[in-house]
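Please open the model in your viewer and keep the selection tool at hand.

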Amino acid sequence: MAASVLGLAGAAAIVVPSLSAGASTAELVVDYACAGGIAQSGSGTVRLRTKVTVPTVVNVGAPLNVGWELNYRDVTRFGAPARLPQGGKIEVTGNIQLAGAWEGVLRPMGSVDQPDAMVKGSPLDLPEGISDFAHIDRAGTLKVTPRKLFVDFRPPASEVMVNDDDPEILYSDGWEDLNDQKSQNNDHHLDLHRTTSAGKWAQFTFTGTGVEYVAQKDQRAGPVDILIDGQPGSPPRIDPSKNDDGSTVNDANKGGQTLWRFRGLPYGEHKIEIRSVEDGKWTQLDAFRVITRELVNPPKDYRAECTLVSAPVSVNVTISDPATEQPSPGGSSSGDPSSTSNPSGEPSSSPSGGSSGPVTSPPPGGSTPTPTPSKSPGGSSSPTPSQSKLTSVVVIGSPTPTITTTITLPASTPTSPQVKVTPKGGAQTGEAPETPRSPAALLIGSGGAMVFGGVFSGVVLLRRRAAHANDRSRTV
């Protein structure tokens, strides 16, 4: 099959290699421009180069497999939407339009886990490819056209500790950064921030579904107000110097304690803020723990949409049904397997004794014309058991091609001819048998001998009777 030629505009290209009997696929090389979602948190606009592989010939009952190879076209990249641990996942979904034999859509899909922890904007890996298939149930011609790509990011379920000295935590003035704390205090990274003035705040913007406030329990601590997304938390105030029943704690510098937690936030970006309430009382911050539960679906805000940078391109797929296909015209018919050619180039085979049509001599040049219909295919009148195939040749007019039908007989089929043959020769030579000649003289001689024998017997009998009569007269 010669290569297909499709006109394109822009940066997209199509490569359809020449297809031989053993190769029946086409490859579309198409460029995309992606925007929004993780494209925006990365390079802003991300350019992809993809290759779509589509079979051009499919049999009914076989799947129509469509593969999509993905690559970045240049230095632009999708970027992580937030600070996240390793295990975030890129998921790519394609859109393949089907038209012609039937209407439909294929949605090839593929994904890849991100191997490293991420900060906002970290480049993301693409899956090598995506694929999908359609079940073919009838013959026809199908047009396959690639459309948009959608690139999603699914964050991993996780719990991430953010230390008090992280640059993403913002502090008002009046806070002290305390490092090299005693290990028995159990502070995260052996450090913390502390203020003893009222009205001081610390803010942290995170992405997840929950957050925890971690600090020391201590008799010298004072109340702390907590806000989520600018609204009072639940509860809105906690006191690290009190037990749950309201009694004063006996602890001093008991670090690594979760003083407040909130779960059940919708996945996305949120902000937590803590505020000191009393002068002279400690308000401390050791860390924030960010919680992300396992998500059923990727966040919509992370979806990047990729559009073709040129006009759509298509591949026509021929769906054939081998069960209904006829033998191709112009094929050679199968003759009698026992036929051979003699050295002179003329066929040497045993003619059938029951042929109803004339025998056609081969034309000059050695080619064999199409024979007229015959009641019995040529061959021996007593085929051997190994001859398990009969070939019937039906010729309809001229120059209508010969249609050859092969029938396989079971091994138990009798080896007698399928058409009754009345032999005329000793070995079906086509010649009338020579009738054995019985000499007429022999027949006549035999009859004469029989008559002569009867006459001779009568004469002998008469003579004997006469002799006996004479003997009696003499005696008297």
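Select Cys34 and Cys306 and display their side chains: the link between these two residues is right-handed, with 110° about the S-S bond. Because Cys34 belongs to strand β2 (residues 25-35) and Cys306 to strand β21 (residues 304-308), the pair ties together parts that are 272 residues apart in sequence. This is a predicted model, and the S to S distance of 2.0 Å between Cys34 and Cys306 is a computed value. In general terms, a disulfide is a covalent bond between the sulfur atoms of two cysteines. How many disulfides does the structure hold? The structure holds one.

Remain at this pair and colour by accessibility. Are Cys34 and Cys306 buried or exposed? Cys34 has a relative accessible area of 0% and is therefore buried, the cut-off being under 20%. Cys306 likewise counts as buried, at 0% relative accessibility.

Next, select Leu285, which is found in strand β19 (residues 283-285). Leu285 is buried, and its relative accessible area is 0%. Which residues surround it in the sense of contact, once neighbours within four places in sequence are set aside? Show the side chains of Asp164, Ile169, Tyr171, Trp175, Leu192 and His193, which are among the contacts of Leu285. For a distance across the fold, pick the C-alpha atoms of Leu285 and Asp187: they lie 9.9 Å apart in space, while the two residues are 98 apart in sequence.

The remaining stops concern the backbone. As a point of reference, most residues other than glycine have a negative phi, and most peptide bonds are trans.

Select Asn186, located in the loop between β13 (176-178) and β14 (192-195). The phi of Asn186 is near 65°, a positive value in a residue other than glycine.

Proceed to Asp229, in the loop between β16 (224-228) and β17. Asp229 also has a positive phi, near 50°, although it is not glycine. Is Asp229 buried, partly exposed or exposed? With a relative accessibility of 38%, Asp229 counts as partly exposed, because that class lies between the 20% and 50% limits.

Finally, follow the chain into strand β17 (residues 231-238), where Pro235 is located. Select Ser234 together with Pro235 and inspect the peptide bond from the former to the latter: this bond is cis, with omega near 0°.

Notes
Residues are numbered from 1 along each chain as its sequence is written. This is a predicted model: local features need pLDDT of at least 70, side-chain atom pairs count only at pLDDT 80 or more; totals for chains, interfaces and linings use all residues. Side-chain values use heavy atoms; hydrogens and water are left out. Helices (H or I, at least four residues) and strands (E, at least two) are DSSP runs, numbered from the N terminus. Buried means under 20% relative accessible area, exposed over 50%, partly exposed in between (1.4 Å probe, protein chains only). Contact means heavy atoms within 4.5 Å. A disulfide is a pair of cysteine sulfur atoms within 2.5 Å.
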